[in-house]
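The stops below are given in the order in which they may be selected.

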Amino acid sequence: MADAAQAARHVLIAADKFKGSLTAVQVAQRVAAGLRRVAPEVTVESVPVADGGDGTVAAAVAAGFERREAHVTGPLGEPVTAAWALRDGTAVVEMAEASGLQLLPEGEFAPLTATTYGSGEVIAAALDAGARTIVFGVGGSATTDGGAGMLAALGARFLDGSGAPVGPGGGALASLASADLSGLDPRLADVDIVLASDVDNPLIGPKGAPAVYGPQKGASPEDVAELDAALGHYAKVLSESVGSVALEHAEAAGAGAAGGIGYGALVGLGARFRPGIEVMLDVLGFAPALAKATLVITGEGSLDAQTLHGKAPAGVAAAARAAGIEVVAVCGRLALPAEELGRAGIRRAYPLTDVEPDVARCIAEAGPILETVAERIAEDFLR
């Protein structure tokens, strides 16, 4: 590796969070510390990344966006404080900040009643601040309401047969009799809304939001069936209001993201879907940093089959490979063979479990173990 070591003098750390252990910013700090202990002369730059899910706002703030806060409605109807970010007319909104699983009390789920109303309130805050582009990162939701709550917060009306507003959550959509989107905030028409997600599921069906993601939000098989039927009914009622596009969007990539909030964004907000990591690399200024790099270090908590389908490390590796730059990865746990890593553009992966086989200790002591892993990368690629 001598030739590679000679060339690798500007390292770019572009890793996602290690969920439950380290934020993306902390991952970068720990990797940089380990590299500098072995190769103090090497230039190290970091661009913490995210794929649209939880941690997206934190990555934007680390890249120089201004952190803002909005006091909004949480998934259970309780008040919560949601962070979002703004720079030069571009807002980064993370639905998990207002409607995420992270906001639920330990062990408590509300698969039928959790609402995305607060996510709509954060979008309204971005409009109030003059945002002209809104990057709407979706993932980590506690909700399966098809984005109805979000749209209601922005002025849409969803009524039952008696003319009363339907209740919160996806389950209540079974009683939906009429939908009126004419009251949506008119400022939405002048804003570019980008739906940033790492999943491309449709709204309903065997690969839809309730079937695939409902169980992790506490949905029983009966709940899944109820939610799937309710969201299908929701799309049908919306089609009576806005036309066949509502049914077409139900099949679109990203419609099933975050409990169907992707669908609400496509139909009601005129959003355009893009893979979350591609959007975030643009927003975070990854390309200029990549242009200076001779080695890229990416990673996330678990490198597994999901990583290859739109997760941050795969996006970083694809961009680096296109630029002809070598990539290695750090992770807590490695569940991909070397050949699959290679096809993804990752030369080698360094899991924490190579240093500490005890997974519980890897989670509890991820920071110092990651520094040791980074020292090994420096020995292999920078000496």
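Select Glu240 to begin: at 55% relative accessibility, Glu240 counts as exposed, where exposed means over 50% relative accessible area, buried under 20% and partly exposed in between (1.4 Å probe, protein chains only). The model is a predicted one, in which local features need pLDDT of at least 70 and side-chain atom pairs count only at pLDDT 80 or more, while totals for chains, interfaces and linings use all residues. Residues are numbered from 1 along each chain as its sequence is written, and side-chain values use heavy atoms, with hydrogens and water left out.

**Salt bridges**

Glu240 and Lys236 form a salt bridge, with their closest N and O atoms 3.2 Å apart; the term denotes a side-chain nitrogen of Lys or Arg within 4 Å of a carboxyl oxygen of Asp or Glu. Both residues belong to helix H8 (residues 221-242), and because they are four residues apart there, about one helical turn separates them. Helices (H or I, at least four residues) and strands (E, at least two) are DSSP runs numbered from the N terminus. An α-helix has 3.6 residues a turn, so residues three or four places apart point the same way. Lys236 is partly exposed, at 47% relative accessibility.

How many salt bridges does the rule give? The count comes to 22. Select next Glu41 and Arg9, whose closest N and O atoms are 3.6 Å apart in another salt bridge. This pair links distant parts of the chain, 32 residues apart: Glu41 is in the loop between helix H2 (24-38) and strand S2 (43-46), and Arg9 is in the loop between helix H1 (2-7) and strand S1 (10-13). Arg9 has a relative accessible area of 30% and is partly exposed.

Then select Asp16, Lys17, Lys19 and Asp54, which a network of salt bridges links together. Proceed to Asp282 and Arg274, whose side chains meet in a salt bridge at 3.0 Å, N to O. Asp282 is exposed, with a relative accessible area of 53%, whereas Arg274 is partly exposed at 23%.

**The six-stranded sheet**

Now display the open sheet of six strands, which has the order S3-S4-S5-S6-S9-S10 and mixed pairing; two strands pair if DSSP finds at least two bridges between them. Strand S3 (66-73) and strand S10 (272-275) stand at the edges with a single partner strand each, so one side of each lacks a neighbour in the sheet. From one strand to the next, the twist averages 30°; axes are lines fitted to C-alpha atoms, for helices over the stretch in contact, and angles run from 0 to 180 degrees between N-to-C directions.

Strands of a sheet pair through backbone hydrogen bonds, either parallel or antiparallel. S3 and strand S4 (residues 79-87) pair in the antiparallel sense over eight bridges. Select Arg67 to find Ala85 in S4 standing opposite.

Helix H5 (residues 117-128) packs on the sheet and touches S3, S4, strand S5 (90-94) and strand S6 (133-137), its direction making about 135° with that of S3. Contact here means heavy atoms within 4.5 Å. Helix H11 (residues 276-283) also packs on the sheet, touching S4, S5, S6, strand S9 (192-197) and S10; its direction makes about 85° with that of S10.

Is H11 largely enclosed or largely open? Six of its eight residues are buried, so H11 is largely enclosed by the rest of the structure. The buried residues are Gly276, Ile277, Val279, Met280, Leu281 and Val283. After H11 comes Gly285, with a positive phi near 75°.

**Positive phi outside glycine**

Asp88 is placed in the loop between S4 and S5 and is exposed, with a relative accessible area of 68%. Ala258, likewise not a glycine, has a positive phi of about 50°. Ala258 lies in helix H10 (residues 257-268) and is buried, at 10% relative accessibility.

**An aromatic cluster**

Finally, select Phe158, Tyr234 and Tyr263, which form one aromatic cluster. Rings of Phe, Tyr and Trp (its six-membered ring) pair if their centres lie within 6.5 Å; planes under 30 degrees apart count as stacked, over 60 as edge-to-face and the rest as tilted. By this rule there are two aromatic pairs. The rings of Tyr234 and Tyr263 have centres 5.7 Å apart and planes at 70°, so this pair is edge-to-face. Tyr234 in helix H8 and Tyr263 in helix H10 are 29 residues apart, and the pair links distant parts of the chain. Tyr234 and Tyr263 are both buried.
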